[in-house]
Amino acid sequence: MDQAMISIRNVSKWYGSFQVLKDCTTEVQKGEVVVVCGPSGSGKSTLIKCVNALEPFEQGEVVVAGVSVGAKGTDLPKLRSRVGMVFQHFELFPHMTVLRNLNLAQIKVLNRSAEESTQKSQALLKRVGLEVHAEKFPGQLSGGQQQRVAIARALAMDPLTMLFDEPTSALDPEMINEVLDVMVQLALEGMTMMVVTHEMGFARKVAHRVIFMDQGEIVEDAKKDDFFGSPRSERAQLFLSKILHH
Amino acid sequence: MLGGLDFDVIQRSFLYLFKEGMSFTLTLTLLAMTAGIVFGTMLALMRLSSFGPLAAIAGGYVNVMRATPLVLVIFWFYFLVPWIGGWLIGASEPIKVGAFVSSLVTFIMFEAAYYCEIMRAGIQSIPRGQVSAGLALGLNYAQTMANIVLPQAFRNMLPVLLTQSIILFQDTSLVYVLSITDFLGAASKVAQRDGRLVEMYLFVAVVYFIICLVMSQYVRRLQLRLAVIR
């Protein structure tokens with residue numbers, strides 16, 4: 001059996017008696033870009049956070065690069081260090097310079113030397129166009145710049161796959177593209193990506209598959225062209241018509 | 001009305017008051033503050049732990065300390081610690097604990113309860129996303145706390161921690177019940193020797209007032225500066 005990078009099998013999750021995830025099953029192959037969309041409260045962010053165990057789940061199984069996330073003996077820090085995550089609100093560490101933000105986990109988790117980390121960090125900052133801001137604090141940067149730093153910070157760990165949780169939702173409109181450009185670049189280089197987003201332009205451009213969620217269920221899991229061409233479910237049609245025609 | 005007062009006594013005892021008394025007060029304050037913040041932070045982490053018994057122990061400790069008058073705690077430690085210490089090491093007699101060590105331990109334990117509540121508020125003020133970001137990078141819980149949450153919590157709470165330390169500075173004067181020569185103790189010895197109670201106690205009040213006022217002003221300036229950084 002050819003092994004998927006991320007494999008989500010029959011995952012269910014409850015907050016008390018409220019079921020946020022209902023028997024979700026999907027896979028992300030190596031090198032694949034999968035966009036997860038759906039109305040707010042549909043569980044898409046929760047699902048993506050199950051992949052690196054930031055959210056525990058009660059039923060089912062998530063396997064990343066052959067390692068079961070929910071299993072007892074799993075070394076979670078080690079697993080997470082290979083799964084990059086980008087958050088809606090950036091979550092840069094405000095008390096550290098941009099460079100320290102990138103270096104911290106390289107030094108503490110991967111045991112890289114300070115020089116090696118700095119070299120890697122500077123190369124990545126250059127790649128996202130922010131090398132001149134290395135010594136600044138996050139608070140001195142714009143939202144778009146902060147999110148690019150956050151992407152560089154995740155990349156510094158040499159991740160096997162990247163998770164994006166609504167990376168452009170908290171940004172001013174004029175800054176969305178600078179972040180999307182970096183993500184498109186990554187996708188074209190063959191990074192395995194799972195992206196929760198409403199940016200359908202991004203999905204059209206680089207996604208291989210689109211997953212549509214509603215009320216905790218994966219309603220549609222289709223090739224990009226099929227999804228945009230002729231969504232099967234009524235709910236997906238309704239959703240698309242709402243976000244595409246305005 | 002002030003005709004009968006003799007303020008020369010201050011000048012005569014000035015060196016003694018500050019070299020003996022104030023240096024003790026400051027030493028006790030600084031040591032108790034440092035160790036109290038460290039111990040208090042540990043208590044705060046325990047209180048916030050998801051492991052129930054740990055949180056309960058820390059919570060109980062904090063509540064007992066905060067519900068007890070300081071003088072009583074000072075007495076307890078002074079009279080009980082030698083017995084408990086002796087019992088712990090299995091000695092037949094109570095161990096000898098000097099008044100300084102006893103009072104230092106007391107203030108560390110007592111103030112830690114207050115520092116704990118401050119640090120707990122500080123830790124809770126850090127958005128959950130910061131913890132998620134740390135964990136997502138592969139840091140473990142301890143590394144996330146040490147590198148991400150605690151430095152920010154400490155910085156946010158610095159003015160409150162210092163304000164509590166000003167209170168600690170005033171509270172150390174209570175060691176007079178153990179006949180220790182702190183600033184107040186020194187002054188009261190001079191006062192009784194020379195029969196100049198009013199003069200000495202007035203002077204002590206003025207000195208405490210000036211030091212606390214200067215410190216409060218500094219804390220206020222610091223608060224404004226931190227607000228700008230954030």
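Trainee: What percentage of the 230 residues in chain B is buried?
Mentor: The model is predicted: local features need pLDDT of at least 70, side-chain atom pairs count only at pLDDT 80 or more, and totals for chains, interfaces and linings use all residues. Residues are numbered from 1 along each chain as its sequence is written, chains are lettered from A and ligands numbered from 1 in the order in which they are written, and side-chain values use heavy atoms, with hydrogens and water left out. Buried means under 20% relative accessible area, exposed over 50% and partly exposed in between (1.4 Å probe, protein chains only). Of the 230 residues in chain B, the buried share is 45%.

Trainee: How many helices does chain B have?
Mentor: Helices (H or I, at least four residues) and strands (E, at least two) are DSSP runs, numbered from the N terminus. Chain B has zero strands, and its helices number eight.

Trainee: Which percentage of contacts in chain B between residues at least 6 apart in sequence joins residues at least 24 apart?
Mentor: A contact means heavy atoms within 4.5 Å. For residues at least 24 apart, the share of these contacts in chain B is 78%.

Trainee: Is B:Leu80 buried or partly exposed?
Mentor: B:Leu80 lies in helix 3 (residues 70-89) of chain B. Because its relative accessibility is 41%, B:Leu80 counts as partly exposed.

Trainee: What are the spans of the C-alpha trace of chain B along its principal axes?
Mentor: The trace belongs to a chain whose elements run α-α-α-α-α-α-α-α from the N terminus on. Along the principal axes, its spans are about 70 × 55 × 25 Å.
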